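Reader: I'd like to go through this fold with you, strand by strand. Can you show me what we're working with?

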Amino acid sequence: MKFEFVANDVNYTFEDGIHVLGLVDSANEPQDYVILQRGTEFDEQDRKLGQDTYYVEVCADGVAGYGGVKSVSLHADTLKIELEDGAKWREDLSSIQIDVQAAKDRAGLKAWLSAIFSDTSTAVALD
């Protein structure tokens with residue numbers, strides 16, 4: 001299944017060593033959203049549980065988990081996220097496509113995506 005929506009609000013924070021990027025259809029009453037998170041420090045328990053990477057949360061039926069993104073691309077105003085077939089958390093979700101025309105800070109969006117997916121096996125292409 002491919003999940004698609006228009007992000008009318010894009011927010012990024014970096015607090016307590018955690019990058020959080022939120023893309024939502026509406027800031028006031030979000031129905032469709034994707035949240036990407038990545039910590040900068042991990043402990044032994046994080047490593048044992050496989051949580052020493054980025055976290056993805058998609059509003060589609062509460063789908064969420066660690067890792068599992070094959071590729072991320074930002075071209076023009078479209079953000080595409082392809083999920084790995086082996087990611088158990090994704091259920092029947094195979095990809096996400098977000099129209100991010102509302103992103104006022106395109107350079108920021110590229111930097112935020114880079115911060116979340118750097119040093120992982122995820123292929124990143126940001127035009």
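Reader: How many bridges join S8 to S9, and which way do they run?
Author: This is a predicted model, where local features need pLDDT of at least 70, side-chain atom pairs count only at pLDDT 80 or more, and totals for chains, interfaces and linings use all residues. Residues are numbered from 1 along each chain as its sequence is written, and side-chain values use heavy atoms, with hydrogens and water left out. Strands here are DSSP runs (E, at least two residues; helices are H or I, at least four), numbered from the N terminus, and two of them pair if DSSP finds at least two bridges between them. Between S8 and S9 the direction is antiparallel, and the number of bridges is 5.

Reader: Which residue in S9 stands opposite Glu82, and which stands opposite Lys2?
Author: Glu82 faces Ser95 in S9. S1 is joined to S9 by 5 bridges too, but these two run parallel. For Lys2, the residue opposite is again Ser95.

Reader: What does the side chain of Gln97 make a polar contact with?
Author: Gln97 belongs to strand S9 and stands opposite Glu4. A polar contact is a pair of N or O atoms within 3.5 Å; within protein, one must be able to donate a hydrogen and the other to accept it, and residues adjacent in sequence count only if both atoms are side-chain atoms. Here the distance is 3.1 Å, and the partner side chain is Lys2.

Reader: Is S9 mostly covered or uncovered?
Author: Buried means under 20% relative accessible area, exposed over 50%, and partly exposed in between (1.4 Å probe, protein chains only). In S9, 4 of its 5 residues are buried, which makes the strand mostly covered.

Reader: What is the strand order in the open sheet of 5 strands, and which helix packs on it?
Author: The order is S2-S3-S4-S5-S6, with antiparallel pairing. Its edge strands are S2 (9-15) and S6 (63-66), each pairing on one side only, and the twist averages 10 degrees from one strand to the next. Axes are lines fitted to C-alpha atoms, for helices over the stretch in contact, and angles run from 0 to 180 degrees between N-to-C directions. Touching S2, S3 and S4, at about 55 degrees to the direction of S4, is helix H2.

Reader: Why does the pair of Tyr12 and Trp112 count as stacked?
Author: Rings of Phe, Tyr and Trp (its six-membered ring) pair if their centres lie within 6.5 Å; planes under 30 degrees apart count as stacked, over 60 as edge-to-face and the rest as tilted. A search of the whole structure turns up 4 aromatic pairs. Tyr12 sits in strand S2 and Trp112 in helix H2, so this one ties together parts 100 residues apart in sequence. The centres are 4.9 Å apart and the planes are at 5 degrees, so the pair is stacked.

Notes: Contact means heavy atoms within 4.5 Å.
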